[in-house]
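Here's a friendly walk through this structure, one region at a time. Take a look at it first, and then read on.

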Amino acid sequence: MTAQVDYLVVVFTATSGASGELLGSDEKELELLVWQLVDVKNKKLGKVNELLIKPDLSDLTEEKEEEDVVEKSVEEEHGSKADCVFTASSLETALNQFHLQLTNEVNSAGAGTSVCLCTDGQLHIRQVIHPEAASKNILVPDCFFSFFDLRKEFKKHFPTSDLKALNVHVMAESLSIPFDVPPMWDPSATPDPSAILPAEVAVQQVQTMANIVLALLSEPFCHTFPNQERVNEKFETGTCSKMEKVCDNTVIRARGLPWQSSDQDIARFFRGLNIAKGGAALCLNAQGRRNGEALVRFVSEEHRDLALQRHKHHMGNRYIEVYKATGEDFLKIAGGTSNEVAMFLSREDQIIVRMRGLPFTATHEQVLNFFSPGEGLKETCPISGGKDGILFVRYPDGRPTGDAFVLFACEEHAQSALRKHKEILGRRYIELFKSTAAEVQQVLNRYSSAPLIPVAPAPLVSVLPAVSLLPPPGGIRDCLRLRGLPYTASIEDILTFLGEFTQDIRPHGVHMVLNQQGRPSGDCFIQMTSAERALQASQRLHKHVMSSQRGTNSRYVEVFPCSADEMGLVLMGGSLSHTHTHTHNRSRSGTGLSPPPCKSRRLSPPSYSFAPAPPVLPTEAAALYHPMNQVLLAPRPLPPGHAYYPASAQLYMNYTAYYPSPPGSPTTVGFFPSPSSLSTPGGLVRMPGLAYNSAGVKDLINAVQGYQSPAESISLLNSGLISQSSGSDAPLMSLPALMTKPGGQYLDLTLL
């Protein structure tokens, strides 16, 4: 609480765009500033001043005057009822002139020195003056950082009134103050917010507001003006605990930010509104890079609502989308639980720099030496606190991630440190970025706790049959895998890169792999007409440079031959290690397979997706042939009630006649367990004539795949094999299919 001020300055602004409750929502420039001084102690009114802001367009003439023209007593020419009319050519000049004229008037009155602005609502200060000044990098005079909201002061004596419905006309009627209505404006009618307010109306508004202030100061109200509205001059960084309660009505999500923007840039975009301490949190994507979004927490719902009015306002050349968010969203990004991070971020007014790409063996001493000045260099950037100003990011088991955060005492030291971007530490170049406290929390949360983007649970691999996830060895390697493509590469760029080998591509044989966000992952598979041409292409094009027509970046591309089975595995969501793609003779333990995450990969682009052809053969007859090259599986969703993926997460596989289907059977796809639909008791099947060079139980699981024959029910005997199936008639239905399996050996099936 502060003492009563000596003077109140009733202020009214108008822009070249919307007025009323939409004032400032369209980013239009300020063009009119009207004010009147009120002597609080003596209850006297000063003269009405009007300041017109007109851009000076006389730069092309040689007779331009450097100083602004000040005109007095021009009511006849301007048509205004103000006592004094001034003209300024820019916002900066207008604000400085306002402050100068106000200071001179207060000094001439001689009744005190303390002055505070008073406006009708929050918009004139928070949504007009401060945002435009911030966008033009204009220093705002100190008098604009505190003000009284006349509506809130009025509501203290009329508590039943609706704050959002209040305006000057309503307050004047409640206090029985005569209100002179200009002939061209009817305050009782529904106002058009998009209409430009006439200058005469602005002057009338100020005069009425001044009379309302005098009425509140007089009996029977005898109102005092002790509590001022404050505008934060700068954004305060800080930490946020996951245990903290954050109101849902104070958080917004900003989208479309430039990737290099910081929390200070966000605070500048929302200048005039009070952001909570540490309330600007930049969001990171799955790769740990900024994704152009941020969550911002304000001090109250009122400020959040004003922030929503800045939807599609501009930050530089980009417009920013502003939406509502929840407190839970903010805590996921900015909340932290680590005491080490809390200690690191407890030093206020520190500049944080993120280091990325550190050697895993990097130590505190190496980081300190990295930022120490070299020989012959005078520029210094000492780390604040020495070793205590360095925070290494580690996995839960203590392994380093290659990231670290360092603190600097001032902006000058931080800028000197950022100039070391991509300098060498050890044998690696180090990337440096200006960071925030919320980004520190988010990076630590990502590495030390559960990921923000849910993935398939771990038990998936242990439950699925191991062999069904692996492509059979020895397949024909008539496909190419391209790895490390530019992210802007298109199908045309890939065809240009292949050159003479383009004529050997099968129709519709180019398949790009997308990541979880639906963006190019840098991988691509190409189906060739023969294994010989695929091998020649890999030998000739491996590590050649590919350029993209849609971007200036060029990258060398790794080219490996692979089989159709391996391609189908990756496109289904699995992954291949280097061993899997480089060697022909490989063991199953070294393939580096991972379980297929839900909807993690899919075919791209849409123009290369075709409606699946109907099956050429009936299901029973199709089992005679190898499913990878002959059977065309129609797209099907996962069965309902799947044990590992939610029912809403449907995985569709789009295959054409030129795309080999994954290992499968008429009732299931080999990558997913099939729920048993048979209620009959199981039966035993004997398989005499088993090949002696077979791989054992694993090959036999492939042979009876799709007929609910669990692995533990298969027994190898000296004279053959006995298999137990869920249905007594299931193996007999597949007699033709098992005649050539496994290893091409004829099998005689006998139901036991």
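Let's begin with a pair of strands. Strand E17 (residues 390–394) pairs with E18 in the antiparallel sense, over four bridges. Two strands count as paired if DSSP finds at least two bridges between them, and the strands (E, at least two residues) and helices (H or I, at least four) are DSSP runs numbered from the N terminus. One of the partners to look for is Phe392, whose bridge partner in E18 is Ala404. E17 and E18 make a hairpin with five residues between them, and in the turn Gly398 has a positive phi of about 95 degrees.

Before going on, a word on what you're looking at: this is a predicted model, in which local features need pLDDT of at least 70 and side-chain atom pairs count only at pLDDT 80 or more, while totals for chains, interfaces and linings use all residues. Residues are numbered from 1 along each chain as its sequence is written, and side-chain values use heavy atoms, with hydrogens and water left out.

Back to E18, which has another partner. Strand E16 (residues 351–356) runs antiparallel to E18, and six bridges join the two. Here Ile351 has Phe408 of E18 as its bridge partner. How many of the nine residues of E18 (residues 400–408) are buried? Eight are, so the strand is largely enclosed by the rest of the structure. Buried means under 20% relative accessible area, exposed means over 50%, and partly exposed is in between (1.4 Å probe, protein chains only).

Strand E11 (residues 275–284) is mostly covered too, with nine of its ten residues buried. Its antiparallel pairing with strand E12 (residues 290–298) takes in five bridges, and Ala281 has Leu295 in E12 as its bridge partner. This hairpin has five residues between the strands, and Gly288 takes a positive phi near 85 degrees.

| Strands | Sense | Bridges |
|---|---|---|
| E17 and E18 | antiparallel | four |
| E16 and E18 | antiparallel | six |
| E11 and E12 | antiparallel | five |

Helix H15 (residues 491–498) has Ile491, Asp493, Ile494, Phe497 and Leu498 as its buried residues. They cover an arc of only 160 degrees around the axis, which puts them on the same side of H15. Among the elements they pack against are strand E22 (479–483), strand E23 (505–514) and helix H16 (531–541). Just after H15 comes Gly499, with a positive phi of about 60 degrees.

Now for the nonpolar cores. A nonpolar core is a set of buried Ala, Val, Leu, Ile, Met, Phe, Trp, Tyr and Cys residues joined through side-chain atoms within 4.5 Å. The largest one has 52 residues, and Phe98, Phe144 and Phe270 have the most contacts inside it. Helix H2 (residues 91–109) gives the most to this core, with six residues. Apart from it lies another core, of 38 residues, among them Cys116, Met171, Val203 and Phe225.

Leu8 sits in strand E1 (residues 7–15). Is it buried or exposed? Leu8 is buried, with a relative accessible area of 0%. Leaving aside neighbours within four places in sequence, Leu8 is in contact (heavy atoms within 4.5 Å) with residues including Leu37, Cys116 and Phe225. Leu8 and Leu37 are 29 residues apart in sequence, and their C-alpha atoms are 6.0 Å apart in space.

His223 lies in the loop between helix H6 (199–217) and strand E8 (229–230), and at 7% relative accessibility it counts as buried. Its side chain makes a polar contact of 2.8 Å with that of His157. A polar contact is a pair of N or O atoms within 3.5 Å; within protein, one must be able to donate a hydrogen and the other to accept it, and residues adjacent in sequence count only if both atoms are side-chain atoms.

Methods
The arc is that of the directions from the helix axis to the C-beta atoms.
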